[in-house]
Amino acid sequence: MITVSIANQKGGEGKTTTSLNLAIGLARRKKRTLLVDMDPQANSTGIFINPETASKNIYHVFQKKAKMKDVIVPVYNESLFLAPSSMNLAEMEAMSNNSVEAPYILRDSLQTIEADFDFCIIDCPPSLSIFTINSLVASSFVIIPLQAEKFSVDGIVGLQQTITSIKKRINPNLEIMGALITQLKPQTLLTKTIVPVLNKYFKIFENSISDGVAVGESHLAKKSVFDYNKSSRQAQEYEGFVEEVLSELKG
């Protein structure tokens, strides 16, 4: 199982949208895919089920009251499964980082089911919390969605430091696959100025997601952008992104 965290501690950068469409894109290609929602806001979960009606969720895994296999539910098609989040997870956000096992809970839980899936996509919360740390410890790769704007660039340093620290101390296999630029406005001077700056930090995916209404409307419709409007520019861009991820993994 290849585990990929979709991470950025800044909100509004497209983490949930990217997690959702990457997971569904893989499942549509018959890859058995597990989408793990590590965000207490439970936005990924809410696309498929009511987070408050799930009898077991990631909160129970962290509370040691359920195993990962007990919280996973089938969604969308025969290839996509969800480990749902819950707003209760926020209660644990202040969980002690000093606990020896705290960073390893998700990794250890996923190891019990890794033979069942080709991919695991983790939707991280918009913070460098214990849940983001757990996600990075459990992952082989990180994809960083971000906008081509100054505040997005400013936030990269903290995330980079966290990834470097986890790679050095806990998970030497962790690699940044690249940054996915979202909500791109290609003709603006700001975009033309900032994209070369981003390239200095890490690889930028060739495919980017342009600014447009299809993504936002797909959220309201509780659908992937592919299912909402497959002919939209954003759907075609996410298709290209999924193919690029698969190509990267093939080396």
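Guide: Buried means under 20% relative accessible area. This is a predicted model.

Visitor: Is Phe 241 buried or exposed?
Guide: The cut-off for burial is under 20% relative accessible area. Phe 241 has 0% relative accessibility. Phe 241 therefore counts as buried.

Visitor: Which class of aromatic pair do Phe 205 and Phe 241 form?
Guide: Ring centres must lie within 6.5 Å to pair, and planes over 60 degrees apart count as edge-to-face. Here the centres are 5.1 Å apart and the planes stand at 85°. The pair of Phe 205 and Phe 241 is therefore edge-to-face.

Visitor: How many residues apart are Phe 205 and Phe 241?
Guide: Phe 205 sits in the loop between helix 8 (189-201) and helix 9 (213-220). Phe 241 belongs to helix 11 (residues 233-250). The pair links distant parts of the chain, 36 residues apart.

Visitor: Which residues form one aromatic cluster with Phe 205?
Guide: Phe 205 is itself buried, at 3% relative accessibility. Its aromatic cluster takes in Tyr 238 and Phe 241.

Visitor: Where does Lys 203 lie relative to Phe 205?
Guide: A charge sits over a ring if, among other conditions, NZ of Lys is within 6 Å of the ring centre. Lys 203 is at 4.6 Å from the ring centre of Phe 205. Its place is over the face of Phe 205.

Visitor: At what distance from the ring centre of Phe 117 does Arg 32 lie?
Guide: For Arg, CZ must be within 6 Å of the ring centre. Arg 32 lies over the face of Phe 117. The distance from the ring centre is 5.5 Å.

Visitor: How many disulfides are there?
Guide: A disulfide needs two cysteine sulfur atoms within 2.5 Å. For Cys 120, the nearest cysteine sulfur is that of Cys 124, 10.0 Å away. Cys 124 is in no disulfide either. The count of disulfides comes to zero.

Visitor: Is Cys 124 buried or exposed?
Guide: Burial requires under 20% relative accessible area. Cys 124 has a relative accessible area of 0%. Cys 124 is therefore buried.

Methods:
Residues numbered from 1 in each chain as written. Predicted model: local features only at pLDDT ≥ 70, side-chain atom pairs only at ≥ 80, totals over all residues. Heavy atoms only, no water. Phe/Tyr/Trp six-rings, centres within 6.5 Å; stacked < 30°, edge-to-face > 60°. Helix = DSSP H or I, 4+ residues; strand = E, 2+ residues; numbered from the N terminus. Buried < 20%, exposed > 50% of the residue type's maximum accessible area, 1.4 Å probe, protein only. Lys NZ or Arg CZ within 6 Å of the ring centre and 35° of its normal.
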